[in-house]
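The following dialogue shows how a structural model may be read, feature by feature. Please keep the sequence and the structure in view throughout.

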Amino acid sequence: MEKVLVTRRISENALELIRNEGYGLSIYTENKDLTPAELIKMCEGHVGLLSVGPNKIDEHFLSSCKHLKGIALMSVGYDKVDVNAATKHGMPISNTPDVLSEATADTAFLLMLSVARKAFYMHKTIERGEWGFFDPMKNLGQELYGKTLGVLGLGRIGLELAKKAKAAYGMKVIYHNRSKNKNAEELLNATYVSFDDLLKRSDVLSVHVNLTEETKGMFNLTAFEKMKPNAIFINTARGAIHNEKDLMTVLQNKTIWGAGLDVTNPEPMDRNNPLLNMENVCILPHIGSATEETREKMAIMAAQNIIKALKGEQMPQVINPEVYQKGLE
Ligand code: 8YV
């Protein structure tokens with residue numbers, strides 16, 4: 001019986017789909033990430049990999065696992081994958097776009113409002129017994145009504161956030177992308193601006209780009225220093241897109257007003273990280289897509305993709321469709 005390796009516990013319905021197609025399953029359930037060597041070893045005897053979590057799919061892995069017919073990621077991000085190497089090896093790889101856009105945009109929205117009202121810090125003050133005398137000049141946040149939301153990467157998730165921000169607070173939307181998003185411009189009256197203008201004009205700046213060599217460390221001191229003193233920085237994409245030391249500096253110096261992060265570098269974040277105790281900072285443990293509904297849809301999508309790969313058919317959400325063209329290795 002041909003078998004699929006699944007690297008985390010996932011929805012039973014998704015596993016059932018795979019079993020119903022006549023494939024066997026191995027499910028790695030330990031609460032620790034697999035090392036590259038362990039992952040390679042574990043893939044032995046399997047024809048499909050359903051990869052959940054931060055597994056590195058690089059040249060070494062791909063040349064050691066040529067027996068796999070396909071790899072389905074249960075994530076939209078594929079920064080752990082060397083796509084060129086996969087294509088060179090003729091290995092189809094799929095991701096899970098669209099199904100997590102709303103949940104992830106909700107997380108960005110949650111952070112935006114939580115930072116604006118210092119919500120996480122306020123919670124801590126109660127725990128510390130500091131909810132005392134009423135001072136009308138204390139605990140003041142800021143409002144979002146009519147302010148400007150800047151989106152870096154107005155794609156699927158960025159668009160969902162922009163829709164919510166416009167509907168809830170009448171926020172003006174500006175964005176910076178590699179190419180213009182005409183649909184968003186019509187739908188939201190969004191304005192395309194340069195990256196520099198995005199930094200200078202945003203009251204809230206939310207990041208929705210992939211982690212690539214180009215976006216790595218894009219938010220450094222130089223970038224943060226162009227932002228407004230009332231600006232809120234939100235990152236629900238990947239932690240390595242902002243430089244944490246520089247973010248700390250601009251928050252301490254009040255160069256920007258606050259930050260909301262669902263992603264850090266490294267993950268998990270150290271529990272003693274001083275950012276966790278800052279008044280205008282809200283941090284979540286990478287729960288962008290973590291709802292029952294969305295994780296179910298992601299698991300089903302990944303299962304459907306791996307089934308297709310095993311049948312020798314095109315994976316619907318393939319990220320390297322070039323592998324299906326003839327003439328490759
Ligand atoms: C996942 C994510 O939780 O989809 C992504 O890119 O970051 C999250 O939705 C995580 O990657 C699990 O594999």
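Predicted model: local features only at pLDDT ≥ 70, side-chain atom pairs only at ≥ 80, totals over all residues.

Q: Which domains does the domain assignment give?
A: Domain bounds come from an automatic or database domain assignment. Here, domain 1 comprises 3-98 + 292-324, and domain 2 comprises 101-283. Taken over C-alpha atoms, the centres of domain 1 and domain 2 are 32 Å apart.

Q: How many residues of each domain are in contact?
A: Two residues are in contact if their C-beta atoms, placed from the backbone, lie within 7 Å. Five residues of domain 1 meet six residues of domain 2 in this way. On the domain 1 side, one is nonpolar, two are polar and two are charged; Ala, Val, Leu, Ile, Met, Phe, Trp, Tyr, Cys and Pro count as nonpolar, Asp, Glu, Lys and Arg as charged, and the others, Gly among them, as polar.

Q: What does the UniProt record annotate at residues 110-288?
A: UniProt positions follow the numbering used here, feature names are shortened, and annotations may be inferred rather than shown by experiment. The unreviewed entry gives "domain: D-isomer specific 2-hydroxyacid dehydrogenase NAD-binding" for residues 110-288. Over residues 110-288 the chain is 32% helix and 15% strand, with its end C-alpha atoms 10 Å apart; helices (H or I, at least four residues) and strands (E, at least two) are DSSP runs, numbered from the N terminus.

Q: In what order do the strands of the five-stranded open sheet lie?
A: Two strands pair if DSSP finds at least two bridges between them. The order of the five strands is 2-1-3-4-5, and the pairing is parallel. Strand 2 (24-27) and strand 5 (93-94) are the edge strands, each pairing on one side only. Within the sheet, three bridges link strand 1 (residues 3-6) with strand 3 (residues 48-51), and valine 4 stands opposite glycine 48.

Q: Which strands are at the edges of the seven-stranded sheet, and why is one side of each without a neighbour?
A: This open sheet has the order 8-7-6-9-10-11-12, with parallel pairing. Strand 8 (191-192) and strand 12 (281-283) stand at its edges; each has a single partner strand, so one side of each lacks a neighbour in the sheet. Strand 6 (residues 148-152) runs parallel to strand 7 (residues 172-176), joined by five bridges, and glycine 150 has isoleucine 174 as its bridge partner.

Q: Which residues are around the ligand?
A: A residue is near a molecule or strand if its C-beta atom, placed from the backbone, lies within 6 Å of it. The residues around the ligand are Val52, Gly53, Met74, Ser75, Val76, Gly77, Leu100, Gly288 and Ser289. By class, this shell has four nonpolar, five polar and no charged residues.

Q: Where do cis peptide bonds occur?
A: One joins asparagine 265 and proline 266, with omega about 5°. Another joins glutamate 267 and proline 268, with omega about -5°. Proline 266 lies in the loop between strand 11 (258-261) and strand 12, and proline 268 is also found in the loop between strand 11 and strand 12.

Technical notes:
Residues numbered from 1 in each chain as written.
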